[in-house]
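Okay, thanks for coming, everyone. Let me put the structure up on the screen, and then I'll walk you through a few parts of it.

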Amino acid sequence: MTVPPPDRSLVRLLAGWLPAQRWFGGKDGPIDDLAIGTATELRPGDPALHHLILDVRQDGATERYQLLLGVRSDLPDRLRPALIGRLAGDHGFDGHVYDAAHDTELTRPLLAHLADETAAGPVRFRRAPGTGLRTDLDGVPTTAEQSNTSLVFGDAYILKLFRRLSPGVNPDLEVNLALSRQGCEHVPVVHGWVELEPDAPGDDPATLALLSEFLRSATDGWQLALTSVRDWFAQPATAAPTTAGAGAAGGDFAAEAERLGAATAAVHRDLAAAFGVSQTPAARVRDAVFGMHRQLDEVGAVVPELRPYAHAIREVFDRLAAQPEPLTYQRVHGDYHLGQVMRTDTGWTVLDFEGEPARPPAERRAPAHPLRDVAGMLRSFEYAARFLLARDGDVPPDAAETLELRARAWAARNRAAFCAGYAAAGGPDPAEHEALLRAFELDKAVYEIRYEARNRPSWLPVPLRSLAHLAG
């Protein structure tokens, strides 16, 4: 049942609430206009569950977001952090309205809708062929910071709600289904998805959510890496800040980094089989380098700390543009880092094939050289090596210098191990593509600086600190 859109009172509440949400992409500018595109009832009663599509206009462009809206006459204390506001009789929205992703009483019905393949207004619930779903589990949101919201249902499923919507099929759904058909061992099983019917006949439906296997025994790659860094930093002051010294620490990560490199090469091989490969002429590579320069100009204009490194970064980009050989492009992950991989009892699993959240949809789907993903993971090792330094704030100068040397040693050891595993498993050898890999890595660093400046300013020193030696 589709209910009429509410009046402007709910719109005013949402316009004040949205900018404070981690997943809202427009935190660096005012909202010019907000409209409710669709409002669909998924569960009547008290509490009630509604699905909203929000059209948010900022700086001349409109982005679409989705919200599961809960409505209760009385709001329990446990839901106070999710409160949006209070409404009185606006088209059925009578009571406290809140983000229902945090209400287990309202997340459980999502599994029933998926199991029954319900159609509610423009919202369609799809179950993967041959899949049977449990419907007796409550969905609990994960605590990790994300540009989306993930709900964990017991030890069986994880449902990712795509907060900011892209036209058509989300790459995460598209790629995971394709890799599953290839028999890829490094992606979770897809159990179902939710989609929004297209605005025009012939268009693809927009993906709203993806239900996948929950990796119950898995550990986040980022946390494993940070544990290794913490152990290395805790070594006695006499421990040499070298790659060999980093390997002598009890929590050495290098063996896992090498296995992760091999898993990455296997995923790239399956992506090439599923989507094909193409030869990209040098002229198109030069066009891509022009885009790297443009991003560097844009970020340097708003983040002055980047400017001292701009000349050296431009030289790296120009060396890539001067190479005459074509490059082999294929579908890639597009936003590859330690937070996108999980270590299970059987090996590494790769998640989240959406691409970089700040890139436009067409760019996220575009083929690229597989070393772009390698560069992303190398940047992640640099992040892990320095995250604890940035988090702990003020450190005495002598200690900061020693810890920076240790950070470089840890990153160098794990970068080398990852690249060795990747090349040994059949990926393009990073050592034979130095100019390409370095350009990708520096372009990723510039992207990170823009992202952190906009979304997490306290993290900005993390990518900046690595530029001192990467751009040298």
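Let's begin with a question: over how many bridges do E14 and strand E17 pair? The answer is two, and the pairing is antiparallel, with E17 covering residues 341-344. Keep in mind as we go that this is a predicted model.

One of those pairings you can find by eye: Asp 220 sits opposite Met 342 in E17.

I'd like to stop at one residue in H6, Arg 259. So is Arg 259 buried, exposed or partly exposed? Its relative accessibility is 42%, so it counts as partly exposed, since that class lies between 20% and 50%. Leaving aside residues up to four places away in sequence, Arg 259 touches Arg 343 and Trp 348. Its side chain also makes a polar contact with the side chain of Glu 256, at 3.1 Å. And have a look at Ala 425: that's 166 residues from Arg 259 along the chain, yet their C-alpha atoms are separated by 9.5 Å.

Next up, the other sheet I want to show you. This one is open too, with seven strands in the order E6-E7-E12-E13-E10-E9-E8, and the pairing is antiparallel. Strand E6 (119-120) and strand E8 (139-141) have a single partner strand each, so one side of each is left without a neighbour in the sheet. Further in, E12 (residues 190-196) and E13 (residues 206-213) pair over six bridges, in the antiparallel sense. As an example, Gly 192 has Leu 211 in E13 as its bridge partner.

Two helices pack on this sheet. Helix H2, residues 104-116, touches E7, E8, E9, E10, E12 and E13, and its direction makes about 65 degrees with that of E7. Helix H3, residues 171-181, touches E10, E12 and E13, with its direction at about 145 degrees to that of E12.

Last stop: helix H10, residues 371-391. At 1.5 Å a residue, its 21 residues should span 30 Å, and the end C-alpha atoms are 30 Å apart, which agrees. H10 does bend, by about 35 degrees at Ala 385. And H10 is mostly covered, with 18 of its 21 residues buried.

Conventions: Residues numbered from 1 in each chain as written. Predicted model: local features only at pLDDT ≥ 70, side-chain atom pairs only at ≥ 80, totals over all residues. Heavy atoms only, no water. Pairing = 2+ DSSP bridges. Helix = DSSP H or I, 4+ residues; strand = E, 2+ residues; numbered from the N terminus. Contact = heavy atoms within 4.5 Å. Axes fitted to C-alpha atoms, helices over the stretch in contact; angles between N-to-C directions. Expected span 1.5 Å × (residues − 1). Bend = angle between axes of the 7 residues up to and from the residue. Buried < 20%, exposed > 50% of the residue type's maximum accessible area, 1.4 Å probe, protein only. Polar contact = N/O pair within 3.5 Å; in protein donor to acceptor, adjacent residues only side chain to side chain.
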